[in-house]
Amino acid sequence: MSDPASSRAVISAGCREAADVGAAVLASGGNAVDAAIAASAVQCVRELPWCGLGGDGFALVSGSDGCVEALNGAGAVPRALATTPIPGGTLPRYGPLSISVPGLVDAWWRLWERHGTRSFASLVEPAAALADDGFALDTAFTRALDRVRLATGPDDPFVSEFCDGNGSAIGEGFRLPALARTLREIGADGRSVFYEGRLARAVVDTLDRLGGLVSAEDLLEHSSDFEAPLTIRYGSAEVSVTPPVSMGWVLLQLLLLYDRLEGRLIDDEADRIDLMVRCKHAAFADLGLMSRWQEAADVVPVLNGDSVERWCSRISEQRRSQPAPVAASVAPAAATGTDTTCLSVVDDQGLMVTFIHSLFNEFGSRVVVPGTGIVLNDRLAKQPARVGQSPEPPRFRRPLHTLVGYHVAQRGRRLVGATPGGRGQVQTNFQVLRAIIDDDASPQAAVDTPRWLSGTPRLPDSEDLLFLEHGFPDGLDAELARRGHTVADETPADADLFGSCTIVGCCTQPTGSLAAADHRRGAALALVEDPDDSGRPRTRKEIP
């Protein structure tokens with residue numbers, strides 16, 4: 001949907017329940033940040049496999065004046081990791097050693113302190129009520145539960161915390177009373193209870209017992225940071241992204257390379273995708289620079305003229321050399337579950353925010369803080385043991401995040417957005433923004449267009465295998481193979497490779513909202529319309 005009547009207050013969120021709660025906050029007079037906090041809290045209940053109180057979050061906030069600020073809500077690597085021997089030199093995929101300091105609750109609090117207008121408790125209460133009352137399991141949630149039960153075994157604390165007494169099949173009820181109590185405790189006492197109070201002690205006690213490294217000191221010194229976004233000019237648009245440790249700079253590099261190589265002039269779809277994928281390979285080749293992310297200046301030079309020109313020369317030569325055709329390849333068994341969720345909100349004053357948050361992989365570390373409903377993240381999964389060994393303060397010990405939020409200002413319209421998808425996030429955003437900026441596509445049309453993905457979203461899977469979503473023209477796969485790309489001969493329908501975008505915005509001529517919600521994973525729109533006869537604002541559900 002690109003123009004929901006004359007309403008300017010609209011939310012796009014990863015699940016229907018979050019969209020409805022966010023719209024209710026807007027209808028009651030709350031602003032976009034109020035709605036984002038409330039909706040994000042609901043996602044921590046309804047989308048528990050992919051986000052939660054033990055995870056991290058990033059935000060971009062754009063004021064009605066168009067000024068943009070970023071919030072880095074990532075937690076630091078535990079200090080003890082610097083002196084702890086790790087067998088094999090790589091941190092495990094699951095378990096207590098994969099956990100970094102959770103940043104989400106502090107991110108909510110910092111956003112609320114800076115922009116909130118409603119009481120913090122009132123914003124968290126709808127999520128607590130949903131956790132208390134429960135909800136019906138859907139296919140994605142049920143499959144996620146089945147996978148974690150199979151991996152952990154029947155005696156694991158995860159099972160007793162979440163599965164005992166709950167339904168397990170699609171349509172059955174699922175309640176989270178312990179999480180409801182925790183949410184109300186956070187609502188009443190704020191961030192302090194999570195980082196230095198009872199919940200902090202519960203987290204540390206649990207990890208001490210299991211051999212984890214996050215300490216009371218790690219929690220106490222955590223703080224989210226408001227930062228300036230990274231911004232470039234792309235065509236007639238100004239594009240801003242969340243700065244490091246977010247991978248937003250990779251999205252900017254993709255746009256710069258594509259623009260410099262005159263991709264904006266290409267009409268042929270095969271030619272366009274060929275160039276876009278080659279730009280992706282170039283940008284991802286520079287990811288190693290993130291080991292020096294401690295100061296933004298160590299990363300931003302990747303976006304300067306010399307670096308871009310060097311890559312442009314290489315890509316131009318690749319496209320001239322006519323590489324040998326490549327045979328189609330059988331797609332690997334891609335992991336299901338996008339492992340992140342997001343939302344985007346604009347209010348009737350033009351304040352807008354996009355918020356993206358995650359446990360990292362599905363159900364994070366699978367470590368539960370008993371009696372709290374808190375699942376802790378696995379942000380350090382498969383990281384080298386040296387990660388975060390800088391002696392600097394916590395803000396310099398944060399690991400790389402794939403989470404990205406963006407803001408676009410172009411010809412009287414502004415919009416914000418994000419998508420889940422691991423390392424595929426920047427690729428999905430690249431394709432959607434190209435369509436919006438270059439083709440003047442509505443956000444919904446850009447979101448609905450079939451997508452490609454180069455490499456599966458998670459390491460160590462191949463960076464070169466090219467997936468094409470169903471809906472592209474016949475013969476496109478063969479043409480891309482002729483140009484030297486290794487194209488998967490089949491993309492599993494349930495592989496969940498192509499993201500789930502949420503986008504909102506506003507325009508001045510004509511005045512109104514812009515919005516899109518992705519059909520790929522059940523994202524939903526909800527709008528606040530003009531008051532009814534009683535003078536009360538109305539909310540309306542929209543499913544694209």
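Start at Gly190, which follows helix α7 and has a positive phi near 75°. Helices here are DSSP runs of H or I with at least four residues, strands are runs of E with at least two, and both are numbered from the N terminus. This is a predicted model, where local features need pLDDT of at least 70, side-chain atom pairs count only at pLDDT 80 or more, and totals for chains, interfaces and linings use all residues. Residues are numbered from 1 along each chain as its sequence is written, and side-chain values use heavy atoms, with hydrogens and water left out.

**Helix α7**

The expected span is 1.5 Å times one less than the number of residues. Now colour by burial: buried means under 20% relative accessible area, exposed over 50%, and partly exposed in between, with a 1.4 Å probe and protein chains only. Ala178, Leu179, Ala180, Thr182, Leu183, Glu185, Ile186 and Gly187 are buried in α7.

**Helix α1**

Next, select residues 16–27, helix α1. Its 12 residues reach 16 Å from first C-alpha to last, close to the 16 Å expected. Nine of the 12 are buried, so the helix counts as mostly covered. The buried set is Arg16, Ala18, Ala19, Val21, Gly22, Ala23, Val25, Leu26 and Ala27.

**The nonpolar cores**

Show side chains. A nonpolar core is a set of buried Ala, Val, Leu, Ile, Met, Phe, Trp, Tyr and Cys residues joined through side-chain atoms within 4.5 Å. The largest one has 86 residues. Select Val45, Leu53, Trp108, Phe162, Leu176, Leu183 and Val345, which have the most contacts inside it. Helix α2, residues 32–46, gives the most to this core, with 11 residues. A second, separate core has 58 residues, including Tyr234, Cys279, Leu433 and Cys501.

Return to Phe162. Contact means heavy atoms within 4.5 Å. Setting aside neighbours within four places in sequence, Phe162 is in contact with Leu48, Phe174, Leu176, Val368, Gly373 and Val375.

**Rings and charges**

Keep the aromatic side chains on screen. Rings of Phe, Tyr and Trp (its six-membered ring) pair if their centres lie within 6.5 Å; planes under 30 degrees apart count as stacked, over 60 as edge-to-face and the rest as tilted. The count comes to 11 aromatic pairs. Select Tyr258 and Phe430: this pair is edge-to-face, 5.7 Å centre to centre, with 85° between the planes. Tyr258 is in helix α11 (residues 248–260) and Phe430 in helix α14 (residues 425–438), 172 residues apart. Buried or exposed? Tyr258 counts as buried, because its relative accessibility is 0%. Phe430 counts as buried, also at 0% relative accessibility.

Then pick Trp50, Phe135, Phe141 and Phe174, which form one aromatic cluster.

Two charges come next. A charge sits over a ring if NZ of Lys or CZ of Arg is within 6 Å of the ring centre and within 35 degrees of the ring normal. Arg114 lies over the face of Phe226, at 4.0 Å from the ring centre. The charged end of Lys280 sits over the ring of Phe284, 4.7 Å from its centre.

Switch to cartoon and select residues 237–241, strand β8. Four of its five residues are buried. Two strands pair if DSSP finds at least two bridges between them. Strand β7 (residues 230–234) pairs with β8 in the antiparallel sense over five bridges. Find Ile232, which stands opposite Val239 in β8. The two strands form a hairpin with two residues between them, and Gly235 in the turn has a positive phi of about 60°.

β8 also pairs with strand β13 (residues 405–410), antiparallel over four bridges. There, His407 is the bridge partner of Ser240.

**A three-stranded sheet**

Finish at the open sheet ordered β15-β16-β17, with mixed pairing. Its edge strands are β15 (452–454) and β17 (486–487), each pairing on one side only. Three bridges join β15 to the antiparallel strand β16 (residues 465–468). Select Leu453 and its bridge partner in β16, Phe467.

**Zoom out**

The chain holds 16 helices and 21 strands. Buried residues make up 60% of its 544 residues.
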